[in-house]
Structure formats: C-alpha cells, structure tokens
Amino acid sequence: AGACTYTDSAWTCAATLTSGYTPGTVGFTINATDTAGNALSTVDSTTDSSSVTFDDTAPTLTVTQSPAAQDHVKVGETVTLTIASNEPLKAVPTCSFSTTTDAGVNLTSITGAAPILTDNTGGQWTNWTCAYTMATGDTEGVVYYTIVANDLAGNTTTQDTSTNITFDKTAPTLTDVRIESSNGDRTLAKADDTVTLTIVASEPI
C-alpha cells in the first residue's frame, strides 16, 4: 500500500518497492468516495497507458573467449570476449583486461590501447564483443577480465574472472644443445651410425 497526499487539487500516492515485490508490471487499485458519500468505481488502469515494470534481477552474462581455452598469446595478438546478455542493457557496458600470475590475487592492468567494444544488436547490447590486442608493456600471466553491465532498470552485474589464455612475451631459449653419435667415439660417425641431437628448452616449444 502507498501513502497518498493531496496537493493542488490532485492526489499523489507513492510506494517504495522492496526486493520482495513480484517482478512485472506494478499494479494498483484506487477506491474513493466523494464528499456526499458516492463511491468511485474501482480504478486499476491509467488514462494515458503509462506503466511501470518492477525488475530487481541483475542481467546474466555468458562469456565465450577467443583464442580457445588453454591457449597462449604474444604481443600483437588479440584476446576477444563474446558476451551474451539475457536482457537488453542500459547504455554501454564496461570491459577491462589485466593479467595475473596468482589466480587473481594480484592484478596488473594492461598498458595498450583501450579494448574495443562492438554491439551486434543495434543498441540492445544483448550480444557484443570486447577485444584487446596485447602490448609490449603488458605483464606476462593469465589474462583476466572485468565486465560491468546494467539492465534497463539499473540492476548491475559484475563479471570478474580469468580466462584460460596466458600472455607470454618472452622468446624461448635453449639451455642445453648436444649432438653425439652412436659410434664408440661419440664425436665420430661412420655409415649406419646414428647421430642424435638433444635439445632442452626453457619452456615448452
């Protein structure tokens, strides 16, 4: 029930909606009598077709990453998130990237150009992409992202998590390179001897 006040020949009734209110169109009924005691026929609709919809549920976002899971990227390569929302969003959502080496405990912000956001639904933002090209100044580690989006009612959702993509800007080095022969003298080879080259790298190659 709302509280009603009378000002300048008009009644105003206001009610503050709480989280327990049923989502959907806000309903109302008006009952009144005039000063002679004549009862007003109950009114439960507006005269100008105006309405208010109650929504206290934040939008749900589904994120798909590219490249695929467990992949690596280097300087100049792009990480793209494709985001689907279960409802239209209000204005442009925000999307940012960082890197982490400790599962998100400590994050290092990216240093390159701002991520590019592209709406694929004509302003509804129910399907959009966020793309960032890795830069030389970025810190190596797992790529982490933060998305903040608001639905039309102003409910906010924040998705703050890591991808399965690792940024690596360091070229591998070979820590051990050896060649030897199956000959009795490993430094010599004759016909039918096998020559073996052993390579040990600083990281998987």
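Me: Which cysteine is joined to cysteine 4 by a disulfide?
Reply: Cysteine 4 is joined to cysteine 13, with an S to S distance of 1.9 Å; a disulfide here is a pair of cysteine sulfur atoms within 2.5 Å. This is a predicted model, in which local features need pLDDT of at least 70 and side-chain atom pairs count only at pLDDT 80 or more, while totals for chains, interfaces and linings use all residues. Residues are numbered from 1 along each chain as its sequence is written, and side-chain values use heavy atoms, with hydrogens and water left out.

Me: Is that link right-handed or left-handed?
Reply: The link of cysteine 4 and cysteine 13 is right-handed, with 105 degrees about the S-S bond.

Me: And why does cysteine 13 count as exposed?
Reply: Cysteine 13 counts as exposed because its relative accessibility is 52%, where exposed means over 50% relative accessible area, buried means under 20%, and partly exposed lies in between (1.4 Å probe, protein chains only). Cysteine 4 is partly exposed, at 40%.

Me: How many disulfides does a search of the whole structure find?
Reply: The search finds two, and the other joins cysteine 95 and cysteine 130, whose sulfur atoms are 2.1 Å apart. This pair links distant parts of the chain, since cysteine 95 lies in strand β8 and cysteine 130 in strand β11, 35 residues apart. Strands are DSSP runs of E with at least two residues, numbered from the N terminus. Numbering the bonded cysteines in sequence order gives the pairing 1-2, 3-4.

Me: What is the torsion about the S-S bond of cysteine 95 and cysteine 130?
Reply: The torsion is about -95 degrees, so this disulfide is left-handed. Cysteine 95 is buried, with a relative accessible area of 10%, and cysteine 130 is buried as well, at 0%.

Me: Which residue stands opposite cysteine 95 in β12?
Reply: Isoleucine 147 stands opposite cysteine 95 there. Strand β8 (residues 94-100) and strand β12 (residues 141-150) pair in the antiparallel sense over seven bridges; two strands count as paired if DSSP finds at least two bridges between them.

Me: What order do the five strands of that open sheet have?
Reply: The order is β6-β13-β12-β8-β9, and the pairing is mixed. The edge strands, each pairing on one side only, are β6 (72-73) and β9 (108-109).

Me: Switching to β11, what is the order of the open sheet of four strands?
Reply: That sheet runs β5-β7-β11-β10, with antiparallel pairing. Its edge strands are β5 (61-66) and β10 (116-119), each of which pairs on one side only. The twist averages 20 degrees from one strand to the next, with axes taken as lines fitted to C-alpha atoms and angles running from 0 to 180 degrees between N-to-C directions.

Me: Over how many bridges do β10 and β11 pair?
Reply: Strand β10 and strand β11 (residues 127-133) pair over four bridges in the antiparallel sense, and threonine 118 has threonine 129 in β11 as its bridge partner.

Me: New topic: which residues form the nonpolar patch on the surface?
Reply: Leu174, Val177, Ile179, Val195, Leu197, Ile199 and Ile205 form the patch, with about 740 Å² of accessible area together, computed by the Shrake-Rupley method with a 1.4 Å probe, where for residues only the protein chains shown count as cover. Patches are made of residues with over 30% relative accessible area and no salt bridge; like charges are joined within 9 Å, nonpolar side chains (Val, Leu, Ile, Met, Phe, Trp, Tyr) within 5 Å. A salt bridge is a side-chain nitrogen of Lys or Arg within 4 Å of a carboxyl oxygen of Asp or Glu.

Me: Where is isoleucine 205 found?
Reply: Isoleucine 205 is found in the segment after β15, and counts as exposed at 75% relative accessibility. Strands β14 (174-181) and β15 (195-201) each supply at least two residues of the patch.
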